[in-house]
Amino acid sequence: MQTGINKRGLGGLAFGHLAIDMQTSSLAVMIPLLLINFRLDYTTAALIVTVNTVTSYALQPFFGLLSDRKPMRWLLPMGCLLAAGGMVAVLFMPDYWLVLLAVMVSGIGAAIYHPEGSRNANFVSGDKKASGMSFFFFCGNMGSALGPIVLTILLGIFGTSGAVGMLIPGLIGGLLLWRLLPLYGQYTPKRNQRRAVTGVLAPPTTRAGMLGLLAMLLSIIGLRSMVQTGLITFIPLYFIAQSSTNKEYAAFLLSVFVFCAAIGTLIGGPLADRLGHRTVMVATLVLVMPLLLVFLNSSGPIQVIALGLAGITLVAASSLTIVMAQDLLPNNIGLATGLTLGLGFGAGGLGAAALGKYADAFGLGQTLLVIALIPIALVVMSLLIPYKTKNLAVARPENSPVIAPELEQPVGRR
């Protein structure tokens with residue numbers, strides 16, 4: 001009976017996540033080129049990003065529900081290939097509407113990969129789900145950081161044709177996951193087989209209570225995403241608005257925040273497995289607001305350190321909320337993942353757009369102050385989540401490989 005993390009299985013899923021998110025983030029580098037090539041205005045240029053984002057986020061709950069009804073592990077390699085192929089095709093499209101079609105195909109690839117990838121990452125992580133999911137999302141964050149860098153280098157060396165090099169991580173990820181499909185098949189429960197709850201939450205006994213708790217988790221994810229997206233968006237604008245000579249410093253601060261956020265994703269899960277989900281979630285979120293206030297009211301090394309620590313503490317609990325949603329819906333892990341990644345993070349993006357409206361009305365400084373105060377609501381909501389005091393042992397965990405189900409005997413037989 002497997003209780004630890006299957007490193008080979010998790011490694012394949014994590015690399016696929018890295019390959020997928022490399023494609024999505026590289027679109028930011030393509031937009032200026034497309035704006036020139038097709039003589040776009042800012043609205044039509046922004047529509048390209050919107051189509052890709054909406055396609056990716058909006059379809060994730062649908063594909064998650066689909067994978068719960070009928071396991072479709074082949075979606076893992078297919079997602080890598082669609083995401084890479086669609087995004088690489090963008091720079092070679094002769095027409096604007098074909099560009100939109102290409103980014104839509106890439107978005108569909110991301111949408112089908114994330115629920116199925118997270119679902120299988122849950123299975124292969126054994127009784128270290130928070131640790132496994134942290135590594136899975138850490139690799140996704142690293143892919144997001146690497147995508148623009150790699151594409152910029154390829155375009156600088158080879159010109160537009162260099163974009164074809166972005167196919168390589170997608171092809172490697174697709175091939176690796178295809179070879180690992182038999183391994184993931186060992187972890188797929190039989191149809192209608194009820195899965196055990198991991199014991200992270202104390203789920204309500206009523207349907208209304210379950211829906212309320214799920215809404216609470218989605219709200220936490222959405223607000224946390226709103227803070228993260230807001231900081232990434234407004235920190236450069238704020239410092240450049242103060243002085244045009246701050247461009248390099250603003251870029252440096254942004255890099256510090258993104259890198260530290262990725263580190264937070266990696267360390268949050270293992271800490272939760274050791275210290276408990278409530279402890280880590282509440283403690284990290286409590287630290288976010290004072291760190292952001294120090295960042296806004298300081299300069300030099302103190303400002304940089306405060307922002308880095310804010311990035312770590314803000315994102316440390318991100319994978320924990322996804323594990324909690326999966327724990328809340330143990331027989332619909334794909335749907336839980338699709339809802340948290342799709343609706344939760346999508347709502348965070350919409351919240352960031354609302355912050356933009358606020359910035360137009362009240363200024364960038366006031367907007368960053370509002371962002372710094374949002375974690376108060378996150379702390380309150382995290383305290384309202386009904387956690388179990390300790391994990392309960394189960395006779396057979398949900399992630400035990402089902403290698404030969406026909407050999408299992410009914411309960412009570414010897």
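Analyst: Let's start in helix H4, where Arg 119 and Glu 116 both sit, three residues apart, or about one turn of the helix. Please keep in mind that this is a predicted model, in which local features need pLDDT of at least 70, side-chain atom pairs count only at pLDDT 80 or more, and totals for chains, interfaces and linings use all residues. Residues are numbered from 1 along each chain as its sequence is written, and side-chain values use heavy atoms, with hydrogens and water left out. Helices (H or I, at least four residues) and strands (E, at least two) are DSSP runs numbered from the N terminus.

Glu 116 and Arg 119 form a salt bridge, with 3.4 Å between the closest N and O atoms. The term stands for a side-chain nitrogen of Lys or Arg within 4 Å of a carboxyl oxygen of Asp or Glu. The structure holds one salt bridge. Both partners are buried, a word that here means under 20% relative accessible area, while exposed means over 50% and partly exposed lies in between (1.4 Å probe, protein chains only). Arg 119 has a relative accessibility of 0%, so it counts as buried; Glu 116 is buried as well, at 1%.

Helix H4 (96-124) also leads us to helix H6, whose buried residues pack against H4, helix H1 (7-37) and helix H3 (75-89). Those buried residues of H6 are Pro 169, Gly 170, Gly 173, Gly 174, Leu 177, Leu 180, Leu 181, Leu 183 and Tyr 184. H6 covers residues 167-185, and at 1.5 Å a residue its 19 residues should span 27 Å; the end C-alpha atoms are 27 Å apart, which agrees. The expected span is 1.5 Å times one less than the number of residues. H6 also has a kink of about 40 degrees at Arg 179, shortly before the proline Pro 182. Such a bend is the angle between axes fitted to the seven residues ending at a residue and the seven starting there.

Helix H7 can be described in the same terms. Its 36 residues (207-242) should span 52 Å at 1.5 Å a residue, and its end C-alpha atoms are 51 Å apart, which agrees. H7 bends by about 30 degrees at Phe 234, and the proline Pro 236 follows within four residues.

Now to the aromatic side chains. The structure holds seven aromatic pairs, where rings of Phe, Tyr and Trp (its six-membered ring) pair if their centres lie within 6.5 Å, and planes under 30 degrees apart count as stacked, over 60 as edge-to-face and the rest as tilted. One of these pairs is Phe 136 with Phe 137, an edge-to-face arrangement with 5.2 Å centre to centre and 85 degrees between the planes. Phe 136 is buried at a relative accessible area of 0%, and Phe 137 counts as buried at 10%. The rings of Tyr 238 and Phe 239 have centres 5.2 Å apart and planes at 85 degrees, so this pair is edge-to-face too. Phe 239 counts as buried, at 6% relative accessibility. Tyr 238 and Phe 239 belong to one aromatic cluster with Tyr 249 and Phe 295.

Arg 39 counts as exposed, with a relative accessibility of 79%. Its phi is near 55 degrees, a positive value in a residue other than glycine. Most residues other than glycine have a negative phi, and most peptide bonds are trans.

Stepping back, the protein has 14 helices and zero strands, and 51% of its 414 residues count as buried. Contact means heavy atoms within 4.5 Å. Among contacts between residues at least 6 apart in sequence, 85% join residues at least 24 apart.

Finally, a word on confidence. pLDDT is the predictor's confidence in each residue, from 0 to 100; the protein averages 82, and 88% of the residues score at least 70. H3 has the highest mean pLDDT among the elements (95), and helix H12 (residues 333-362) the lowest (77). Over residues 191-198 pLDDT stays under 50, as it does over residues 390-414. Where pLDDT is low, the predicted coordinates should not be read in detail.
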